Amino acid sequence: MRLRILQVLILCVLVGLWYILTKPGLIPPFYFEQDNRAAFFFGEPQKVLDVIVNWFVTGDIFVHLGVTLLETALGFVIGAVFGLGIGLWLALSPTASAVMDPYIKGFNSMPRVVLAPIFAVWFGLGIWSKVALGVTLVFFVVFFNVYQGVREVSPTLIANARMLGASRHQLLRSIYLPSAMSWVFASLHNAVGLAFVGAVVGEYLGSARGVGYLILQAEGTFDVNTVFAGIIVLTVCALLLDAAVGAVEGHLMTWQPRASETEKV
Amino acid sequence: MSSVPALALEDVTCRFAGRDGGPSYTAVANSTLRVAEGEFVSVVGPTGCGKSTLLNVAAGLLAPSSGAVNIFGERLVASQGVNRRAGYMFQADALMPWRTGIDNVIAGLDFRGVPRAEARQRGEEWLRRVGLAGFGDRYPHQMSGGMRKRLALAQTLITRPDILLMDEPFSALDVQTRQLMENELLALWAEDRKSVLFITHDLEEAIALSDRVVVLSAGPGTHPIGDFRIDLPRPRDVSEIRMTPAFLALHREIWGAMKEEVLKAYERQRAA
């Protein structure tokens, strides 16, 4: 509780500072020559709030937010599924992994955001070019974690399951997958953020809908308040998605010991 | 007892390739070891002498470089799968941390496709037998070391293996818990007398539990150097039997054979 109060306090101080430093005429300008310049560059909190409230009251934001979230969700799910599948495959087949190694390393080192314009050419300006970018970002995070997770499975655990009569398929299902899951969930928190980056950067480079598009439009007219409003809406959405992943994780990973847990007999 | 041994390692040699093309290491050399049906055999030897290697060969987890493994007269080929008639209790913790106690116990039934309701019923039964009734819904990390060992014992025994392979299963436990577990193991074993190959570095444990104790030489090139019949009366209480003159005489005799090998292994480790 104390923690929450402190957290809210920090937010209040930051917003308060923002307000005091940008409100024209409130304090004498000490950096810019005119007193409305700070507001021009940094926006004003109450106007940003106005924009957000207006978006939700009129419902203008929903179509854009819906598109961005759809792109994020698709990028996230497709990237995660491919990462999981290919991660499992390469981790369990040493030959394939040795063959693919330089390509995986190459694709991972490549600054993949530069692929965005190419995807726009390949998949058009609709949602799929954004999804494709999200997939390339999400895939590697999940892939490397699954790969590592499977490699770290204790050999004793595998030997034990084999002695208990597990077939190859059963080994995969009851040993490798659950064992890799803790690594996967650690990566999914990152992956949600990256899927979001993919969607917004894609929209930024060319689109007719989406929160990234709204931000781009606002920048074109030097409407800083709307830019900040867009950023805040995106941040809140990203936090909500992360919380959702956390909730699923908490539900699926009940078996993991927690540091605070001292229940023992 | 039938004349065909339950488990027979015939002239087994295990060589491991050296690191970076270095000289290969012979862990086990020309070892022959037989366990009759219903016999409890312990294998003792100095640390690092390849005891676990022998057990992995018997389990079919490791193919010997040469020699043969016969299970009730049938040749075991490691590349075609593990020893189906054996249960293996590992030295390290081998429970699945993401499964509750009961789900760990019934894993073997699960893999064999036993219907869930029946598996659970048998699982509860085994939990009771190893003294864990009511703890089935706990995860391994919520249990103590002794409870985890009991769980592992139930997990191994529930599939009713004809041969039980045990690799220093109680070495991580404190002395009191360990003697309790040894007594429980003997009680469970007495119910249906399966063949047991029990690996330990503790000679007292070996004598207290077994019908026969096999002493291994120090590595490399480990092989049996002594074979002692333990004709102490059963049922035994492992903490009491240690005080009897017959036990002490056996201990002295076997230790005489072992001592030199233990010292050899110690010297070798110090030199390395």
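Which residues does the domain assignment of chain B give to domain 1 and to domain 2? In this predicted model, domain 1 of chain B comprises residues 7-85 + 163-271, and domain 2 of chain B comprises residues 92-160. The centres of domain 1 and domain 2 of chain B, taken over C-alpha atoms, are separated by 26 Å. Contact between these domains involves nine residues of domain 1 of chain B and seven residues of domain 2 of chain B. On the side of domain 1 that touches domain 2, helix 6 (residues 175-192) of chain B provides the largest share, namely four residues. That side of domain 1 of chain B consists, by class, of seven nonpolar residues, one polar residue and one charged residue.

We turn next to the contact between the two chains. Chain A contributes 17 residues to this contact, and chain B contributes 21 residues. Within chain A, helix 8 (155-163) and helix 9 (168-205) each supply at least two residues of the side that touches chain B. Helix 8 of chain A gives the most to that side, with six residues. By class, the side of chain A that touches chain B holds nine nonpolar, five polar and three charged residues.

Finally, consider helix 7 (residues 127-151) of chain A, which has 25 residues. How many of the 25 residues of helix 7 of chain A are buried? The number is 21, and helix 7 of chain A is therefore largely enclosed by the rest of the structure.

Terms used. Residues numbered from 1 in each chain as written. Chains lettered and ligands numbered in written order. Predicted model: local features only at pLDDT ≥ 70, side-chain atom pairs only at ≥ 80, totals over all residues. Expected span 1.5 Å × (residues − 1). Buried ≥ 20, exposed ≤ 12 C-beta atoms within 10 Å, placed from the backbone. Nonpolar A, V, L, I, M, F, W, Y, C, P; charged D, E, K, R; others polar. Domains from an automatic or database assignment.
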